[in-house]
Every structure is written in structure tokens, then in C-alpha cells.
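Please walk through the structure shown here.

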Amino acid sequence: MIFYKKKNKYLSIFIFLLPSVLGLIVFGILPMLGSLSLSFSEWDIISGPPKLIGLDNFVNILKSEEFWRVLNNTLYYIILYIPLILISSLSLALLLNNNFKGIKIYRTLYYIPVITSWVAGSLIWKIVLNPQFGVLNNILNFIGLQGPGWLYDQSWAMPGIVLASIWKDVGFFGLILFSGLRGISPTYYEAAKIDGANSWQRFKNITLPLISPTLLFVIIISLINSFQLFPQVMIMTQGGPNGATQVMVERIYKYAFQYYKMGYASAFSWLLFIIVFVVTLVQMKLQKRWVHYES
Amino acid sequence: MSHNKLKGSIFFYFSATLIAIFMLLPFFWMISTSLKSSGSVMTIPIQWIPENPGFNSYRKVFEIFPFARSIFNSVFVAVATTLITVLSSAMAAYVFAKFEFKGREILFSLYLATLMIPKQVTMIPNFLIIREIGLLNTFTGLMLPSLFNAFATFMLRQNIKTVPDSYIEAAVMEGSSQFRIFKDIILPLVKPTLATLTVITFMEAWNRYLWPLIVLTDRSKMTLPVGLSLLNGQYGEQYNLLMAGSLISIIPMLLVYIFAQKYFEKGLSVGGIKG
Amino acid sequence: MLKRVSILLMVSILISLLGFTSGVLAQDATEVDFMTFSGSGSNLEYLNQMKEEFEKENPEIKINIMTVGYEDYFVNLQTKIAGGMAPDVYELNYENFVTYAKKNVLKELDTVIDQNEFDKSQLNEKALNAFQINDNQYGLPFSFSNVVMFYNEELFDQAGVDYPDSDWKWDDSLAAAKQIRDLGQHIYGIYQPVTFWEFYKMVEQNGGSIIDEQKKEFVINSPQNIKTLEYMIDRVQESNVMPTEAQLSGMQDWDLFKSGRVGMIVTGIWAFPDFAKNIDFEWDIAVEPGNTQKATHFFANGLVMNKKTDKSSEAFKWMSFLSASKEAAEIRVESGWELPAITDQEILSDYTEITPPENRKAVFESLNYLVTPPVIEQFAEMSDIINQQIQAARDGLKTPAEALNEAQTQLESTIEIN
């Protein structure tokens, strides 16, 4: 660690952190505390102040079959989504990180899904995933496989949503990883080439360690985000068929704003929070084994 | 050798184009739908080329709400939000990456914690806070929360951590102020990340919808996504209008991205420094 | 670079502080805030015409219209109410109206009605009564729509079936639907979605109900309800006169009708302007067929007043203008923006004269069979539970009986009828 003069150091910390931490307290921590206190209350939002009811919300949620079912659905999404998004966005970043002619055009094209609205995206995906006329099942058919019912089939609806999410997110995480790749000095690769390393060795020994801080960021953010999966579900399946794609935040939204149970929704959110927090904590502990901040 | 190179480039163009076409399908559909008359916009098989293409939907979108005004508002809000977020987050990220102090890890985990609670349940408390400060129906109230952005701070922290300590130490020896170190050493070294973050923050600020809808009540302060949401009817959407509106709103995000591309190249300008 | 950035930053903060915060106008007129969803989008034009008329007649009142798209209307409204900043007058659809009234956030209107000597007989009685709770008026009808059966005359001709009339029963429409279905692989007989809205109504068409007459308990799994659901589902799975979700694949019901691929569709009269403009084949409407009895559904959006408003007299003037005035009604009829809930025969006869559809009087005939949905405080939760179950049956994941039994169990354990 760097040696700073003491007086200087704390003044710098203070000044550099001030705007951000002020925002953190007022617009981050305070609202969280607000929702925490709501989670111990009964509140329909519209008719007067919340009423404290202790742990009832938490007890009722944990006793409900629904909570475990939507948690299960959410985890199913995560298990499918995380490995796919990591592999695809890293591949995309590597693909974009070269100097072919016209590469800038491709970089722009791949960004377009990120800014395309979910409404358009999900409509197309509904058609791509159509069991009878859809592109995907036609391809599967061609190679001799019987395509599933996708969004209309209880066990295939979630994989369908995963595919659409990958389409939407790969450009986003690909861009972040790409900017990480841009920070790696070409001199490493030149040195490795002289040493006779092949491309796999170069990837394993140079790219991966040097991009590991960005990779950690991508893993943590994509995990946090996928626990909060929401808009694509609302647009593509509304939680169906038969509840197979009901997920945590979909329930939270419904309880908060449609069922007039903000207290229940807040407690639901805090249970979700605890789960995500523990998962992230494990990630942060594990990072010491594989993330290299300095070469 | 050159044979290999040729094979490589053929492989690249082939796969890159294939992926691009696939990824852009919805985008093509948006364009095609926006050119359709209000007749049936959804058919199976998809009608890619509209029968009587026209710019009617675009004209209608312009009529429905104060369009020029809302674009101006959106540009202002998105640019200011991006500046505030990137600067304030870079400053905080520098501290988290390069200063050691008591409670640093706990403070940082509070940042991450704010990402883990669904916005659906913190929105009303946030609204009440803005009301208490007296900033309802102001652009300041809309943008002030972006002073703090855990995503941006985390991303920059990861990047600034990779800047070798020796660079900073050398500058400290020379008597540079912390502000100078931040400005002349840290920021230039993380330029690709700053560029990426600018693109992402701009996109998020530009697409932001529920918060401006709630904070701003004045019609003259309406942002573009809020205006576009008016196209949602009680009994279903008019897709051709919706797509025309969405396409217009994509343009600024695309421009920012293209502009930022320039800085993706410049990460190494300080002489292959990361070694 | 950084310098430029920070200067830009300072300037933008300054602009936002100075230029935009001082937006408050000094005005002598009383300002009434009005929030609406049905006035959003292309209807805003007509709403603005109404506002202009009103402000001309009442120069001492200024109306601030806030339009919000339907999807986010309630999130926005609830947040505003939580912050004590509810608009003076706002719009609620019928189901939410009941929830809001029961939660005691609406102003009871009887006193203002008397003060303003408002003549209630100007309004359609059913529509007006819909906005009463325990004999107290809590809202006025804003717009009014009902649901009828639309049919494609060309497909009927091709299949050689007689056009529907008011005497039709379920069997008649099913028979016609089957013959039309035979016209082609992608031609369907009827579209009437398996949703709560259709289900509760068809249940009544078959002499059943969702909640018993004493309003004490759910009776959703009664034998005749199971029969009703079987009828609905058979149309999808057995005879396939109605497309499955996969066959539909995201295509919207109106588009299906407009593209000439379905013989009959049960939907609201708010489709008139769109269909009149965008359909080039001949079409008409009829009263929806029933089974043991007829039952038709109406949608009403109501205008309500914030309980805490201190401008109740001005607010009421605006509400009653939108609801009952001749001027507003005329603008509505002319633009085809649903139906005004008034009794003025002159304006209503103007409405029947507009074609297509030829048989516009079916709209008023249908009013004779109106049934209202079982609205309770937990309406949204109830309809979600029912939707999930009947749609599982539609998709073939459960039998109709299993679905309704499951719905009954869930409703009993989570919903209080009040």
C-alpha cells in the first residue's frame, strides 16, 4: 500500500468520498432503512400510515409455498443464465478485441440489442421460440431434434427466457469485459509469443489473470441482477405457464403495487436481500484465490 | 502464415456477420413495424416488408406530446446525470482502490448492498426524501440521487486497483497533490473503463422512466421515455407508434456509443504502462 | 479534460437550480389537478378540447391535466398518495375504484352533489350506481364501454352460415365457429380469451357465479362453473375453433380479427374507431350469446375526488363536466372515444347513426344484460389466482375441474371477501 502523509491522507479521503457517500446515505441507506421498517409493518400505501406487526410478514412468507417456489424458479434461471452469459460475453469481448477491418461497425452492431426496448425484443423472441413456426424449432427439426414448446411449456419456459436475456445482456457485459481487455498491454502478448506460447496458453496465462478484476465485477453484477429478474418475465410470460416463470421481483412488484401489501413486499425484498448478500459475500471471499489486481 | 491469416479473417467475418444478423432481428422488426400503417402489425409469418410503408407513425408520435421539448429535457438530464455519476464515482472509486482506512470494506459493502434490494420497495421512501428536501418537480430532484452509483463505483474500483502503486508513490514523492494524481495519472489510465461507464450511465439515465414520471409532474419537464409511455393504452399498445418512438429514442444512445469508441483505443496511450 | 468536465458539471447544476426550479406560476384561478390514464395517448387531443370548453365556461378554474399510460398509472398514483400529493380529481377503473373506496381514500360526493344541485338523472343509472358503495356516491362515471360480439361477414358467407343475432346461444356460435374453422388451416372460428374477464361473465351466462349470493364464500368450483370452463377450453383444445397460445404466438386478438383470420371475436366497443379505419372487409356486431341466460360485461372508468382536497367545489365542477355535460359527451361521440354515460337521447342517437357497425344498437341492447364483476378489496389478487388456474387448464396442464378446485382452495386461503 501507498504511503501518504497522515493529515493529507484523511483530508483526501474525506473530500474524494464526500459527494458519493452523501448520496449513499441519503438515497441509498435511508430508503433501505425505510423499507426495512416497512417490512415489519402492514401497509397498503394509500390509506394512512403503516401499522407495526412485528415479524408476521416474514413468518407468513417463509411459511408460504409460494416463496419457496419462486425462489426455486429464480435459482433455476440463475443456474442457466450465469454460465451462459459469462461464456458468451467473454467470447464476444475477445471477438471484438482485434483489429480486423470494420471492427468498429461490428462493435456498434452488437451494442444495439442493449438499447433495443424489451417490448420489441420479447415480441421477436416469442416468434423465434414459437413451437410450430419458430426459427429455433425449425433448426432443431432440421438436425433431427423435436423442439420443445418453449414459452408454452412448464419446463421450457424459463430456458426460453434465459435465451432472450442472453441476447439482451451479452452486448452489455461484453462491452464491460472488452474495456477490461483494452487495458492489457500488448507487450505481454509479444513477450509470450517470443517465448513460444500458443493462443490457449496466452489466454490462460495473460488474458484471464489480467482481466480477472473485471470478470469478478461482471460475475457479481450479473448475479445481483439476475436475482432481480423482472421486465422480461412481465412482458414474455407474465409468470406463466402455470406459474413456471414467477420469480421473486415479479411477486414483489405485484404485492407492492397491485395487491396493496407494501409491508409484505418489503419483507419479501429483505429476504431476497439476505440471499443475495450471502451469495455476494461468498464471491468476495473467493476472489482472493483467483483475482489478480497487480501483475 | 498468410494462408492462416486469410482463414482467420474469413472465419471472423463469417461468424461476426452471422451473430450480428441474429442479434439485430428485433431491431429490423422495430424499423419495419414503425413504417407500417396502424393495421395489423403482428402477423405470422412475420411481415418484414410493410405493405404501404410510410412515416405516419413518426408524425403521430411527434403530435402526441411535446416531443422537441421532451428530447431537450432528456438530453439535459442524461448528460448532467452522466457527468455527475462518472465524476463522483471515479473519486470514490479511487479512495476504495488506493487508500487504506478503517471501515473501508464495510463502507464498500454498503455500496454493494444498495444494489441488492429491489427498487420497487425503495421508490416510495426515495420519493418521500425528495419531497422532504423540497425538490419535487425539479430536475435537481431527479438527478441528485445519481451522485452515488454503486455500479459505477464498483466498476471503476476494480479498474483503478490494477494501476500499479509505484506510479502513485512516484507522484507523491514529487509532491503532487492528490487532485493532480487523480486527474493526471488515474483517470487517463482507466480511460477505456471511463468511456464504457459513460456509455452505460448515459443509457441508464436516458432510459430512466419510473423515477422521472413520479418526481416530475409538470408537462413541460417531461422526459422522452415518460412521453413515450403515454402511447400505452388501457386496452393494448399501438406497436407501430411505440416502435417509432423507441427508434427515435435509440439514436442518442447510439451516438454516445459511437463517440465513446474513440476512447476505447486510448487506454494504452501512456506507453503500454500497465506492466 | 477534467477541468472541462467540472466546468460543465457546475454549469449544468446551476442551470438546473436556477432555470428549472422556479416553475411556479402566479395565478388568480384555482388550479385543479387531474390525473387520467384513458386520456393518454391519442385521446389527449379530445381531453384537451374538453378542458378548453370547461375553462371557457369557468374562467376562475384552471385544470392541470396529468396523463399517465395505463401500465404505470397505479404505481404513480399510489406513490403520490403515499406522499400526500394526490391529485384533486383522478380516474379509476371500476375494479380499483372499489378497492380505493373501501380503503377510505375517496371523498364521499353526496354533499357536493347537493350543493351543486347536480341532476343525477342525466347519467345512466347503472353506470352511476356502479360508483356507489353502501348507497353513498364516491365517483361519477367518466366513460363507459361494454363488450359485444364482432363478426366477419365474409367468413360467414364463405362458410355458408347465417349471421349471428341476439337470440344466439353458445351452441349456435360453436356450430358456426366449427364451420368457419374448416375454411382453412389458419382461419379460426372464434376468439374469446381464457381470462378472468371472460370467465366470470361466461359463468353467469351459464347460471353460475364466483362468489355466492350472500357474498360470504367462493363457489368457483361449482358444477356449472366447471361445465363453463370445459366449454371454453374445448374450443381451444378439442375443436380448436379458437387458437392455442402457441398458434397465436403473441399476435394480438384485434390483429387476428383485422387480418381476416377469425370469424367472431368478443371484445369491447372501444374497438370501433380502429376497426372502422383499418378493416376492408364487411363486419358487424351482435349481442354476445349466452347459455342459460345472457350476460354482458361493461367497463366503466370513474372520476373520483381526493378525500383531502380543499377545492371540492371546483373539483366537482370539473368532474361533473367531464361526466355529464353535453359538450364533453359530444366530443366523445364525435371522436369515438368510448361511450358517454349520459341519458341524453339526442346525443346517443347520434352515436347509433355512425357506421360501421351497421347494428350499433346492439351496444344498447347489451346494456340490458349487464353483469358486474365480483369486486372485492383484494380484487387484483383474486383475479390473478383465477387467471393462473384457468390458463393452466387452457394450456392443457390441468383439467378444468382440477384447475377450479385448486382455485377454490387458494382463494379460500388468501382472499377475504369484503
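Two strands count as paired if DSSP finds at least two bridges between them. In this predicted model, strand E6 of chain C, residues 140-152, and E8(C) meet that criterion with five bridges, and the pairing is antiparallel. Within chain C, C:Val148 sits opposite C:Thr267, a residue of E8(C). Strand E7 of chain C, residues 188-191, is also joined to E8(C), here by three bridges and in the parallel sense. C:Ile190 is found opposite C:Met264 of E8(C).

How far is strand E8 of chain C enclosed by the rest of the structure? E8 of chain C spans residues 262-268, and six of its seven residues are buried, so the strand is largely enclosed by the rest of the structure. For this step, a residue is buried if 20 or more other C-beta atoms lie within 10 Å of its own.

The next level up is the domain. Chain C splits into domain 1, made of 29-145 + 299-353, and domain 2, made of 146-298 + 361-414. The C-alpha centres of domain 1 of chain C and domain 2 of chain C are 30 Å apart. Where the two domains of chain C touch, 15 residues of domain 1 are in contact with 15 residues of domain 2. On the domain 1 side of chain C, the elements giving two or more residues are helix H4 (94-102), helix H6 (125-130), E6 and strand E10 (296-305). H4(C) provides the largest share of that side, five residues. By class, the domain 1 side that touches domain 2 of chain C holds seven nonpolar, four polar and four charged residues.

Confidence in chain C can be read from its pLDDT. The average for chain C is 89, and 94% of its residues score at least 70. Over residues 16-26 of chain C, however, the pLDDT is below 50, and this stretch has 12 contacts in the model beyond near neighbours in sequence. For the model, ipTM is 0.93 and pTM is 0.90.

Chain A has a helical make-up, with 12 helices and two strands. Along the sequence of chain A, the order is α-β-β-α-α-α-α-α-α-α-α-α-α-α. The C-alpha atoms of chain A fill a box of roughly 70 × 70 × 30 Å along the principal axes. Of the 295 residues in chain A, 45% are buried. Among the chain A contacts between residues at least 6 apart in sequence, 68% join residues at least 24 apart. An unreviewed UniProt entry places the feature "domain: ABC transmembrane type-1" at residues 71-283 of chain A. In the model, this span of chain A is 75% helix and 0% strand, and its end C-alpha atoms lie 20 Å apart.

Chain A also meets chain B. In this interface, 76 residues of chain B are in contact with 74 residues of chain A. Several helices of chain B each supply at least two residues of the side that touches chain A, including helix H1 (2-34), helix H3 (67-98) and helix H13 (239-264). H1(B) gives the largest share of the chain B side, 11 residues. The residues on the side of chain B that touches chain A comprise 51 nonpolar, 19 polar and six charged.

Definitions and conventions
Residues are numbered from 1 along each chain as its sequence is written. Chains are lettered from A and ligands numbered from 1 in the order in which they are written. This is a predicted model: local features need pLDDT of at least 70, side-chain atom pairs count only at pLDDT 80 or more; totals for chains, interfaces and linings use all residues. Helices (H or I, at least four residues) and strands (E, at least two) are DSSP runs, numbered from the N terminus. A residue is buried if 20 or more other C-beta atoms lie within 10 Å of its own, exposed if 12 or fewer, and partly exposed in between; C-beta atoms are placed from the backbone. Two residues are in contact if their C-beta atoms, placed from the backbone, lie within 7 Å. UniProt positions are given in the numbering used here, feature names are shortened, and annotations may be inferred rather than shown by experiment. Domain bounds come from an automatic or database domain assignment. Ala, Val, Leu, Ile, Met, Phe, Trp, Tyr, Cys and Pro count as nonpolar, Asp, Glu, Lys and Arg as charged, and the others, Gly among them, as polar. pLDDT is the predictor's confidence in each residue, from 0 to 100.
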